[in-house]
Structures are given as structure tokens and as C-alpha cells.
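Hello,

I am passing a structure on to you, and I hope you enjoy looking through it. Please open it first; my notes follow below.

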Amino acid sequence: MATPHMDARAETSHTHAPRTGKGGWVVLGLLFVFMIINFADKSLLGIAAQPIMKDLNLAPSRYGMIASSFFLLFSISSLIVGFLTEKYPTKKILLIMAAVWTVTQCIMFSPMAGVWTLLLTRILLGAAEGPSYGVTNHAAMKWFPVKRRGIVTAALGVAVPTGTMLASPIVGNLVATAGWRTAFLLLGITSLAWGLVWFRIGSEGPFDDSADRQKAGPLRKVAYRHIFLTRTFIGSLVGGIASYWSVVLLISWVPLYLATTKGLDPGEVGWAFSVPWGVQILAIAIIGGGISTWLINRGVSTRWARGALAGAAVTLSGVAMILFVLAEDGIAKVVLMAIAFGLSGCAIPISQAINAEISPNSQRGGVLGAYVAVYSITGVVAPAATGALVESAETPLAGYNQMFIFSAILLIVGGLVYAGLVNPEKDAKRIAEINIENKN
């Protein structure tokens with residue numbers, strides 16, 4: 001009779017099981033850079049919002065619509081490409097994504113590119129960037145065994161805020177000195193350079209699905225509904241939605257909030273905007289990669305080492321968001337802003353490890369892609385809703401504060417649900433039992 005969790009067994013129960021070598025760390029490093037570029041691309045529109053709105057004569061509601069357009073195909077492409085990873089190598093998929101990033105960013109360098117060009121390129125860029133987080137995690141996990149995957153998700157999770165934190169002051173100063181169109185061009189060239197390197201040395205890892213099949217025999221698929229309806233997937237999804245809502249606001253509206261209500265210029269916005277991303281880096285590295293891994297190595301279940309820990313971080317972000325709205329301008333307000341928009345960021349990387357734990361390897365790409373597809377729908381709603389509030393409120397500041405309070409409530413509820421529902425060991429066992437029933 002087969003034993004529970006066939007995919008994990010395939011990795012650990014054989015004498016000649018593959019091990020992570022130098023190539024795995026090189027691939028992880030390249031994927032880390034890929035995600036840095038990804039979020040630098042996302043953050044550019046927010047950092048350059050003020051000069052773009054001025055040059056293209058955009059009202060707040062129209063800017064909000066363009067910011068939301070980035071996510072129009074984001075979820076759909078994440079879902080579709082996630083399932084395509086079952087059939088096609090991740091190397092080719094990532095190359096195609098990098099090529100689209102290059103074209104869509106470079107087009108905006110042309111002085112003839114106006115509002116409709118910006119709208120179209122943001123939609124296409126979103127479609128090409130939507131699958132990136134799920135695909136990069138899936139690609140990296142092909143190089144690492146189960147016990148080390150917390151390191152993988154933490155590393156790629158850290159790349160997300162790192163990209164924005166590093167890009168913010170650089171792009172902010174570039175926008176202030178050379179113009180926002182030049183910033184688009186340079187980010188496009190960066191994607192091209194990454195694609196050339198990946199084409200040369202990118203590859204699939206030894207923990208690919210083909211290796212699993214050779215060791216454990218043919219693997220039958222578990223119906224995806226059995227995975228998507230687990231407490232773990234649902235709980236991590238609710239927490240992920242709350243977390244990503246604040247991330248989307250941070251990307252699309254916080255720079256403009258700082259510029260219009262606090263009077264900062266693009267260069268100053270770039271530096272101030274980088275602070276919450278710094279907190280997010282620390283949260284992912286310390287909570288997602290450090291504390292959770294330390295607890296797991298000492299026998300603590302992932303329900304507590306990952307689920308409860310991430311849920312608490314999301315809840316605390318919501319509390320900080322309320323205090324941020326109430327605080328007077330000063331250092332305390334900056335600190336609270338950084339915690340409110342940064343601490344919950346650890347939930348999504350931790351969720352990648354949690355959902356990989358309950359997923360058969362052959363279906364991991366589809367599960368991770370579906371997870372990203374659902375939580376990222378918030379990207380369509382949050383920017384547009386904020387634009388409508390800012391434009392209709394008595395003052396722009398009042399509109400921002402209304403959205404921040406709503407976000408705080410969402411974070412507190414999402415964090416509590418996350419901590420209460422997530423139980424990877426129990427759900428992984430049940431899915432393994434279904435797999436065994438299918439094989440029999």
C-alpha cells in the first residue's frame with residue numbers, strides 16, 4: 001500500500017534522492033532578481049504618479065482606473081499559466097514573461113505614447129507579471145526538498161519588497177531628474193538583460209515532476225476541489241487577500257498620498273515609500289524564513305509555526321493601520337505606516353510554503369497559480385475604489401483615511417481567520433489519503 005504524501009516520499013525515502021547543488025542556489029538567485037524587477041515594474045506607476053497625471057492630464061479617478069487596469073488580466077493569466085506549468089518547462093514560460101515586460105515598458109519611452117498606450121501596456125504588463133510569483137516559487141521548489149522550501153518562499157518573498165525598496169529612491173530620483181518615460185525605458189532594458197542571462201543558464205531542477213514519477217511510479221491527480229476547499233487553502237486565501245489589499249494600496253496610492261497630502265517631491269516620495277518595504281523584508285526574513293523554520297526544526301507543527309505566526313502578523317498590521325490614521329505627523333506616524341503596510345507582507349510567502357505542503361508536486365504549480373489568481377483580484381478593486389473615495393470625499397485626506405480604516409478592518413479580520421483555519425498537516429494527510437484511494 002502507498003504511504004501518505006507520495007510526492008514528499010519520492011524526495012526523501014530513497015538512498016539516491018536528489019540534493020540541492022550549486023545550480024539550485026544560482027537558479028534561486030536569478031529568480032530572486034526576477035521578482036525584484038517584477039515589483040520595480042509595479043511600483044513605477046505609483047512613484048511617477050504625480051508627473052504622469054500632470055503630463056497626461058489625469059484626474060484621480062482616471063489614474064485609479066489605469067492603476068487598476070494592471071490587474072485586469074493579472075488573475076486570469078496567473079491561473080492559466082499556473083496550470084500550464086504542468087505541461088511546459090518553467091524556463092520557457094519565464095522567458096516569454098520577461099520578453100513581454102521588456103516590450104511593454106520600453107514602449108512608454110516614446111513621446112507619442114499617451115493615456116491609451118499607458119492603459120494598454122499596463123494591462124499587458126499585468127498579464128505577463130500575474131503568473132510570476134507562483135511560477136518562480138514552483139520553479140525554485142524543483143531545486144529544493146520539502147524541508148528547505150521555507151527558505152525558498154522566504155527568499156522570493158523578500159525579493160518582492162526588495163525590488164520596490166531598492167527601486168523607489170532610484171526610480172524616484174530618475175523620474176525627478178530624467179523624466180518618467182526614461183524610467184520606463186530603463187526598467188524595460190533591465191528585463192531584457194535578465195532574459196538573456198536566464199536563456200543561457202536557467203534550467204529545471206532535480207525535484208521536477210519527472211523525477212518524482214521515476215521514483216514513486218505514476219502519480220494520479222487529486223481533484224483540485226479537494227485542495228481548494230481545505231481549511232488551509234481557504235484560511236491562507238482570506239489572509240492573503242487582506243495582505244495584498246494593503247500591498248496594492250501601497251504600490252498605487254501611498255506615493256501619491258505622500259506627495260499630495262504631505263507635500264513631498266518625487267525624490268522624497270521614493271525614500272519615504274521605501275520604508276514600509278524595508279519592514280516587509282524584515283518580516284518575511286525573520287518571521288517567514290527565520291522564526292518559522294526554527295520552530296519547525298524543533299518539532300512545532302506548521303499550523304503554529306507558519307499559520308498562527310502569519311495570522312498574528314496580519315492582525316497586528318491592521319491595528320497599526322488604525323493607529324497610523326489617528327497619529328499626528330511625525331516619526332511615530334512614519335513608523336506606524338511602515339508597520340501597517342509592511343508587517344502583513346510575510347503572510348503571502350508563508351502561504352506559498354503552506355499550500356505547497358498540501359499539494360502533490362505534479363499539481364503544485366496549478367495550486368500556487370490559483371492562489372495568486374484569487375488574492376490578486378483585489379488589485380482590480382482597491383486602486384479604483386480609492387480613487388473614487390479620494391475624488392468624492394470632502395478633502396483628499398479624508399478619502400485616504402476612509403480607505404485606510406477599511407483596510408485596517410480587512411487586515412484584522414483576515415489575520416484572525418488565517419490563524420484560526422490554517423492546518424497544513426491535517427489537510428496534507430487528508431489529500432494524501434484521497435491520492436491513495438485514487439491509486440487503489
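The largest cavity holds about 170 Å³ of space. Its lining is made up of 20 residues, and Phe39, Val160, Tyr244, Ile348 and Tyr375 are the closest to its centre. Please keep in mind that this is a predicted model.

Several helices share in that lining: H2 (22-47), H8 (132-141), H9 (149-177), H13 (231-252), H15 (266-297), H18 and H19 (364-375) each supply at least two residues. The biggest share comes from H2, which gives four residues. Sorted by class, the lining of the largest cavity has 12 nonpolar, six polar and two charged residues.

Helix H18 (residues 347-357) deserves a look of its own. Because 11 of its 11 residues are buried, H18 is largely enclosed by the rest of the structure. Among the buried residues of H18 are Ala347, Ile348, Pro349 and Glu357. Cysteine 346 is also buried, since its relative accessibility of 1% falls under 20%. Cysteine 106, in contrast, is partly exposed, with a relative accessible area of 25%. The count of disulfides is zero.

In total there are four cavities of 30 Å³ or more. Residues that line the second largest cavity include Lys42, Tyr63, Phe70, Arg122 and Val248. H2, H4 (60-69) and H13 each supply at least two residues of this lining, which divides into seven nonpolar, two polar and two charged residues.

Notes: Residues are numbered from 1 along each chain as its sequence is written. This is a predicted model: local features need pLDDT of at least 70, side-chain atom pairs count only at pLDDT 80 or more; totals for chains, interfaces and linings use all residues. Side-chain values use heavy atoms; hydrogens and water are left out. A disulfide is a pair of cysteine sulfur atoms within 2.5 Å. Buried means under 20% relative accessible area, exposed over 50%, partly exposed in between (1.4 Å probe, protein chains only). On a 1 Å grid over the protein atoms alone, a cavity is a set of points where a 1.4 Å probe fits but cannot get out, and a pocket is an open set with protein on both sides within 12 Å along at least five of seven lines; lining residues have an atom within 4 Å of a point. Grid points are joined across faces, edges and corners, and a volume is the space filled by probe spheres set on the points. Ala, Val, Leu, Ile, Met, Phe, Trp, Tyr, Cys and Pro count as nonpolar, Asp, Glu, Lys and Arg as charged, and the others, Gly among them, as polar.
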